[in-house]
Every structure is written in C-alpha cells, then in structure tokens.
Amino acid sequence: MSPIKAMTITTTPLLSIKRPFLMLMVASLTVSLSGCGMFFGENGPFRNREGDYLKADNIPPLVLPAGKKSETMGELYPIPPITATDFGFDPTADAYEVPRPMPLSANLEQENVKIQRVGGESWILLNAAPGEVWPRIRNFLNVNTLAVSKADISKGIIETSWLQFKTDLSTYDRYRLQIDQGVQPETTEIHITHMSVPVAEKPAADMGWPRRSVNPEREKWMLDELAATLASETAEGGTSLLAQTIGGSVKANLGVAGNEPLMTIKLDRQRTFATLTYAAKQDGFTTFESDTEAGLFYVQYIDPEDAKPGWFRRTFHIGLNPKPPTSKYSLAQISTNMLTGDAFEKAPRSDRDEEKVLPDAPGYLIVVTGTEGNFVVRVRDPYGKRLTPHEARELLTILRRNLI
C-alpha cells in the first residue's frame with residue numbers, strides 16, 4: 001500500500017469527527033454573540049434599570065376627611081427645588097444631571113491643626129467646627145489658670161484678665177482670642193491678639209484692643225501653646241450648641257449669578273489673593289502668569305487622573321516626567337484681548353474655534369472682582385467668555401477645596 005493511500009484512509013474518519021464539532025462551535029458562537037441582547041438588552045431579564053426612576057409617577061397626596069388636622073401629614077424628607085441661586089442650577093443642560101452636594105473640606109478625615117501665616121498675620125487653622133473648638137479653648141485657659149474676663153459666644157470672642165509673666169514683671173499682659181468660621185466648611189480659625197502695658201500705668205479692664213499685637217513674640221507663644229494642646233488632645237470634649245453660629249457663614253461660598261457659577265470670598269485683599277495664588281497651583285492647576293493688581297490669573301487645568309501614565313508608558317518608562325503646560329501667549333496679550341466692563345458681565349458662551357485674534361489660546365482665566373471683604377471669583381476662557389456651567393462648577397469646586 002502506498003503512503004498516499006494510507007494517509008487518505010487515516011484522515012477520512014478525522015474529518016468526519018471534526019465537522020459536527022465545528023458546527024457546534026459555530027452555533028455556540030452565534031448564541032454567545034446574541035447573548036448580550038438576549039439577557040442584557042432592553043427586553044432581557046437583566047436589562048439596565050438605572051434610569052427607571054425617571055419614569056416613576058408621583059403618588060397623589062393623602063387627602064384627609066374634612067375636619068381632621070393635617071399638620072403631621074407633611075413630607076418627612078422634602079426635596080427642595082433647585083433655584084437660579086443654587087450652585088447646581090443649569091438651565092441650558094442638554095441631559096438630566098443630578099447636582100452634586102456642596103463639597104466639604106479636603107482633609108476632614110483627620111483633625112489637622114496648622115498655624116497659617118499670610119503677610120504679618122498668623123492664626124490657627126483647625127479641621128473642626130467652631131462649636132467643637134469653643135469648649136476646648138475654654139478648657140485650655142482653665143488648665144493654664146488664665147482667668148477669663150469676657151466671653152462673647154455670639155461673636156466668638158474670649159478675653160483674658162490682666163496677667164504677669166514670671167520672667168518679666170515690668171508689664172501687665174492680656175490676650176484676646178477670636179474664633180471664626182474657616183474658609184472651608186466645618187473648619188475653625190483662631191486669631192490671637194496680645195496687649196501689654198507698663199506696670200506703672202495700672203491698666204483698666206475697658207482699655208481698647210490694638211489692631212495688631214503689641215508684642216509679636218508673646219502672641220507667637222500663645223499661638224504655639226494653644227496649637228500644640230489642640231493637636232495633642234482628643235476631640236471628645238463635646239460640642240457647644242450656643243457656639244454653632246460663631247463667625248457666621250464660611251468665608252468662601254459657591255453660588256450662581258446671571259446663570260453663571262461663581263465663588264464669593266469674604267476676606268481682605270491680601271489674604272484673598274494669597275490663598276487664590278496657592279489654590280491656582282494645586283490639584284491639576286498650573287499658573288502661567290498672574291496679576292493681582294488686575295485681579296487676573298492665567299492658568300491651565302489638567303485632570304490629575306488623566307495625566308497619570310498608563311501601563312504602556314509605565315512599562316517602557318515613557319513620559320513619566322511630563323513637562324508642565326505652557327502658553328504661547330503672555331498674560332498681557334490675553335488681558336488686552338479679553339472682554340471688559342459690561343461686555344464681560346454679559347459675555348456669551350465660549351467658542352474657542354471661532355476666535356480669530358490670539359487663536360488656539362490654551363487654559364483659563366481666573367477673574368477676581370469686588371471690594372474688600374466681598375470678592376467675586378469667576379473662571380472664564382482666555383478671551384473672557386463664559387464656560388459651560390458644568391465646566392465652571394468643576395473648576396471652582398477644585399479651587400475652593402484648596403483655599404487656605
């Protein structure tokens with residue numbers, strides 16, 4: 001028997017065995033390709049139900065018989081309507097979007113105690129509400145036998161009686177502690193003022209306080225002692241209900257004006273621009289140039305998650321140290337071309353592709369307007385035109401989260 005005939009005889013049964021198996025594989029593949037539509041499609045038993053709540057109907061409210069009181073039949077969890085002054089308001093949204101809750105401080109997971117300094121002013125920043133901090137400060141004064149001559153909880157003010165340092169008996173000294181709401185929600189600022197007079201003057205209890213401490217070294221001593229105590233003790237001393245309203249509202253608020261998201265900052269000019277300068281360099285922000293006199297910051301924003309290298313670049317060590325973003329235009333060029341005055345207030349929606357002057361300008365403008373103690377912060381495109389409400393909200397939220 002020739003080798004060719006032997007090969008023919010042995011392959012015939014093999015083909016007869018493979019053909020049914022091949023047909024079975026094709027049938028299985030056909031079923032698997034249609035499986036998504038069969039099980040997870042619109043009519044499948046495992047269809048996506050995430051949007052079903054949008055089709056839900058309201059149940060008519062319960063109607064009581066005449067003469068029955070209805071005071072206790074109100075909504076237990078009423079949902080307030082979104083108005084034009086709410087930060088999440090967007091009348092031009094194309095798709096339904098659930099507005100996010102107002103963000104809290106970035107580091108509320110841990111109780112950080114810091115001493116912040118801007119210019120010649122220093123204060124303690126604490127990640128805790130004023131209602132929690134007030135009794136802890138009172139306890140600190142009691143433990144250190146610092147008598148209190150005045151405590152105005154409505155204004156957040158504690159004043160000590162006159163005292164003398166053992167190392168210097170030539171003066172009488174006293175302290176004033178101002179407890180305020182912080183820039184971030186659920187944070188507290190403690191400002192301390194020191195006053196000193198010679199022993200010969202016999203100080204009176206009603207003497208006025210200076211704007212700044214008489215002796216910065218003794219102010220620093222009190223700041224350091226109080227900050228160290230607050231940082232080392234546990235926050236289990238309770239909360240003062242009367243101190244819940246200390247300092248009024250937070251010093252940086254997000255809102256809407258003229259259908260545009262914005263941020264208001266209730267601080268003095270020096271601190272406002274100092275804290276914005278810091279925030280404009282955090283969490284994906286890069287500052288190209290800034291002009292605090294004009295109230296302008298020319299910045300770029302790149303989402304830190306998008307900037308992270310993927311597995312390919314990590315594997316081959318490509319682009320692990322990217323260069324910071326740059327702009328071919330200076331702030332002077334940008335500010336000369338941007339809208340101003342009434343045109344700025346009524347600016348149209350941004351359309352960068354249509355710009356003929358300074359085309360393809362990258363980044364954003366942080367524009368600060370307003371007066372001392374009431375500044376308004378907007379984020380615009382490099383031409384001074386409005387962003388979409390969604391984009392403006394995202395950028396302002398990140399800025400506010402990093403204010404100090």
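Reader: Which residues of α3 are buried, and what makes them so?

Author: The buried residues of α3 are Pro130, Gly131, Val133, Trp134, Arg136, Ile137, Phe140 and Leu141; buried means under 20% relative accessible area, exposed over 50%, and partly exposed in between, with a 1.4 Å probe and protein chains only. The model is a predicted one, in which local features need pLDDT of at least 70 and side-chain atom pairs count only at pLDDT 80 or more, while totals for chains, interfaces and linings use all residues. Residues are numbered from 1 along each chain as its sequence is written, and side-chain values use heavy atoms, with hydrogens and water left out.

Reader: What covers the buried residues of α3?

Author: The cover includes β2 (121-126), β3, β4, β6 (168-181), β7 (188-198) and α4 (216-232), where contact means heavy atoms within 4.5 Å. Helices (H or I, at least four residues) and strands (E, at least two) are DSSP runs, numbered from the N terminus, and by that count the protein chain has ten helices and 13 strands.

Reader: How do you know that the span of α3 is close to the expected one?

Author: The expected span of a helix is 1.5 Å times one less than its number of residues. Helix α3 (residues 130-143) has 14 residues and reaches 20 Å from its first C-alpha to its last, close to the 20 Å expected. After α3 comes threonine 145, with a positive phi near 50 degrees.

Reader: Why are β3 and β4 said to pair?

Author: Two strands pair if DSSP finds at least two bridges between them; strand β3 (residues 148-152) and strand β4 (residues 157-160) have four bridges in the antiparallel sense, and therefore they count as paired. Lysine 150 stands opposite glutamate 159 in β4. The two strands form a hairpin with four residues between them, and glycine 156 in the turn has a positive phi of about 70 degrees.

Reader: What makes β8 and β10 the edge strands of the six-stranded open sheet?

Author: The order of that sheet is β8-β9-β13-β12-β11-β10, with antiparallel pairing, and the edge strands β8 (252-257) and β10 (285-291) each pair on one side only. From one strand to the next the twist averages 30 degrees. Six bridges join β8 to strand β9 (residues 260-265), and alanine 252 has isoleucine 265 in β9 as its bridge partner.

Reader: How is the direction of α10 set against that of β9?

Author: Axes are lines fitted to C-alpha atoms, for helices over the stretch in contact, and angles run from 0 to 180 degrees between N-to-C directions. Helix α10 (residues 389-401) lies across β8, β9, β10, β11, β12 and β13, and runs at about 20 degrees to β9.

Reader: What makes a set of residues a nonpolar core, and which residues of the largest one touch the most other members?

Author: A nonpolar core is a set of buried Ala, Val, Leu, Ile, Met, Phe, Trp, Tyr and Cys residues joined through side-chain atoms within 4.5 Å. The largest has 28 residues, of which Met263, Ile265, Leu276, Val377 and Leu403 touch the most other members. The largest share of this core, five residues, comes from α10.
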